[in-house]
Amino acid sequence: MTDRDDARRDDAGQDGAGRDDAARDDAARDDAARDDAARDDAGRDAARDAVGETVTAPPGAETPAAEETPPSSEKRDDAEPVPPESDLVNARPRRLRRPAPAGTLIWVLLALLGFMLVVQLRSNDAEDGLATARQEDLVRILSDLEAQDSRLLSEIQALETTRQQLSSGVEGREAALAEASKRSEELGLLAGTLPGRGPGLEITLEKVKASGILNAVQELRGSGGEVMQLIGENGAAVRIVAATYFVDAQGGGILADGVHLTGKFRLLVIGPAGTMSTALQIPGGVVASVKNDGGSVTMDSRPMVEVTEVRKATALQYARPVS
């Protein structure tokens, strides 16, 4: 009897221990289920907050009391608010819009218009050169034009007279010979192969360089000077023609066509004295330039100026007149 009782007690104890272990396992599963439910509730609350869902009760209905949820260690009271879904959609990067063909065409047309305006303004500036010229330059240009106009009118009258004479019989032949002889003399004066005389100026230049002499000669030619001669203080003289050149010489003086001239210079010019004198004295002209460089220019108008220096005629090797 005793052994059987002991065996029953042992079996009953083992059954009680098994029931205790099963109860503990059931309690653990219940705790895990509650934790999962709490986490699911917290996830649903966060989703509603993110989407911004609101539940509106119908009018007259009572709002049910919120169910208390057990505290969960994973739910945070101070969680940062999640922006609404509309803001997240608006925050997406937008694609850049391509310019329309019409807009591109407008920009091209505007660029072409600006280019044309710049070209037109530059051309206007080039044409308005006389409008912006200095007064002394305008006086000089006007003087040159008046001298050229006077010479051209004289030549026109002379040519008309010659044409009338040449068109008449025997007198025409004689007139032709006289005209040829006159033309030969004029060419000889221009070429420097013949001496000349006539009204003009005697100009004295002191402390001038070759550039000052050259400027004076060019100004005199432009104002009607026909025959010129340059004489140095050392007695050397040079007949000035179209091919004459001037350079500064070593040790002082100048070289004119290779001839050394020193001291103050005398420039004899045959032509309209009044026009030539005005051309040299315009503001900023020859006289003003020489004075600015420390030199001096004096002019004397003479009724008769004699140019005696001549040049040897040069034989042409290649050029021939056209018959």
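A polar atom in the side chain of R239 lies 2.7 Å from the backbone oxygen of E309. The model is a predicted one. R239 itself belongs to strand β3, which covers residues 237-240.

Is R239 buried or exposed? R239 is buried, yet it has no salt bridge. The nearest side chain of opposite charge is that of E309, and it is 8.1 Å away. A salt bridge would need a side-chain nitrogen of Lys or Arg within 4 Å of a carboxyl oxygen of Asp or Glu. Setting aside residues up to four places away in sequence, R239 touches a number of others, among them L189, G192, P195, D257 and V307.

The next stop is V297, found in strand β8 (residues 296-307). V297 counts as buried because its relative accessibility is 13%, and buried means under 20%. Apart from neighbours within four places in sequence, V297 is in contact with I203, T204, L205, V287 and V290. F265 is 32 residues from V297 along the chain, and the C-alpha atoms of these two residues are separated by 9.8 Å.

The last stop is on the surface. L117 is located in helix α3, residues 101-127. With a relative accessibility of 51%, L117 counts as exposed, since the term applies to values over 50%. Together with I106, W107, L110 and L113, L117 makes a nonpolar surface patch of about 570 Å².

How values were computed:
Residues are numbered from 1 along each chain as its sequence is written. This is a predicted model: local features need pLDDT of at least 70, side-chain atom pairs count only at pLDDT 80 or more; totals for chains, interfaces and linings use all residues. Side-chain values use heavy atoms; hydrogens and water are left out. Patches are made of residues with over 30% relative accessible area and no salt bridge: like charges are joined within 9 Å, nonpolar side chains (Val, Leu, Ile, Met, Phe, Trp, Tyr) within 5 Å. Accessible areas come from the Shrake-Rupley method with a 1.4 Å probe; for residues, only the protein chains shown count as cover. Helices (H or I, at least four residues) and strands (E, at least two) are DSSP runs, numbered from the N terminus. Buried means under 20% relative accessible area, exposed over 50%, partly exposed in between (1.4 Å probe, protein chains only). Lys and Arg count as positive and Asp and Glu as negative; His and the chain ends are not counted. A polar contact is a pair of N or O atoms within 3.5 Å; within protein, one must be able to donate a hydrogen and the other to accept it, and residues adjacent in sequence count only if both atoms are side-chain atoms. Contact means heavy atoms within 4.5 Å.
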